[in-house]
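Please view the sequence and the structure together while reading.

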Protein chains: 2
Amino acid sequence: MTKKLLIDFGKRIRAERLSQGISQEKLAELADLHRNYIGMIERAEINITLLNIEKLAKALKTTPIKLLRSKSTRVEKQRH
Amino acid sequence: MTKKLLIDFGKRIRAERLSQGISQEKLAELADLHRNYIGMIERAEINITLLNIEKLAKALKTTPIKLLRSKSTRVEKQRH
């Protein structure tokens, strides 16, 4: 249950980032977060806070709600 | 910008909790969180994590996305 949410969120960040053609480094810069932090989020190694979700949403020109919506990762949601 | 998200979220938790007629203590119990933590969230004193948003959502029989949606606090959203 719990961890799955972070895994899905990480996949969604990655999918959104790649669809916009930006690197982890660039996203870190745009979101004013540490470079390594982006990788940790994408790998679900961090229990991200609401304010950092907002930072990422702004950097990706989207909203926290859209980042949490499962349908945006439908493609990546095979099985795990 | 930033802090506002936490304020709105805290209000939403409070509104949802009250609409279900449960105390902070009861919500803490249902969500398996510390009792004082609920008050801190409602007062936007904490930058809540995604996993704790999920815990609260489950305890309130809703979803993280619904808790983040601004329209559910329309009533309380007068001015601040």
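The sections below treat the basis of the model, the interface, the symmetry and the salt bridges.

## Basis of the model

This is a predicted model, in which local features need pLDDT of at least 70 and side-chain atom pairs count only at pLDDT 80 or more, whereas totals for chains, interfaces and linings use all residues. Residues are numbered from 1 along each chain as its sequence is written, chains are lettered from A and ligands numbered from 1 in the order in which they are written, and side-chain values use heavy atoms, with hydrogens and water left out.

## The interface

The size of an interface is often given as the accessible area lost when the parts come together. Here about 1,800 Å² is buried between chain A and chain B, and carbon and sulfur atoms give 76% of that area; buried area is the accessible area (1.4 Å probe) that two parts lose on being put together, summed over both. On the side of chain A, the residues that lose the most area to chain B are Leu50(A), Leu51(A) and Ile65(A), together 33% of what that side buries.

## Symmetry of the two copies

Chain A is superposed on chain B by a rotation of 180° with 0.0 Å of shift along its axis (RMSD 0.0 Å). The two copies are thus related as by a two-fold rotation axis. The C-alpha of Thr49(A) is the one in chain A nearest the axis, 2.0 Å from it. Superposition is by least squares on the C-alpha atoms of residues with pLDDT of at least 70 in both copies. Because 100% of the interface residues of chain A are also interface residues in chain B, the copies meet through the same surface.

## Salt bridges

Over all chains the structure holds 14 salt bridges, each defined as a side-chain nitrogen of Lys or Arg within 4 Å of a carboxyl oxygen of Asp or Glu. The side chain of Glu42(A) meets that of Arg17(A) in a salt bridge (2.6 Å, N to O). This pair links helix H3 of chain A, which holds Glu42(A), to helix H1 of chain A, which holds Arg17(A), 25 residues apart. Both residues are buried, with relative accessible areas of 9% for Glu42(A) and 5% for Arg17(A); buried means under 20% relative accessible area, exposed over 50%, and partly exposed in between (1.4 Å probe, protein chains only). Arg17(A) also touches other residues, including Ile22(A), Leu27(A) and Leu60(A).

Glu42(A) forms a salt bridge with Arg14(A) as well (3.7 Å, N to O). Arg14(A) is partly exposed, at 38% relative accessibility. In chain B, the side chains of Glu54(B) and Lys58(B) meet in a salt bridge (4.0 Å, N to O). Both lie in helix H4 (residues 50-59) of chain B, four residues apart, about one turn of the helix. Glu54(B) is buried at 8% relative accessibility, while Lys58(B) is partly exposed at 43%. Salt bridges that share partners join Arg14(A), Arg17(A) and Glu42(A) into one network.

Technical notes
Contact means heavy atoms within 4.5 Å. Helices (H or I, at least four residues) and strands (E, at least two) are DSSP runs, numbered from the N terminus. Lists of a residue's contacts leave out its neighbours within four places in sequence.
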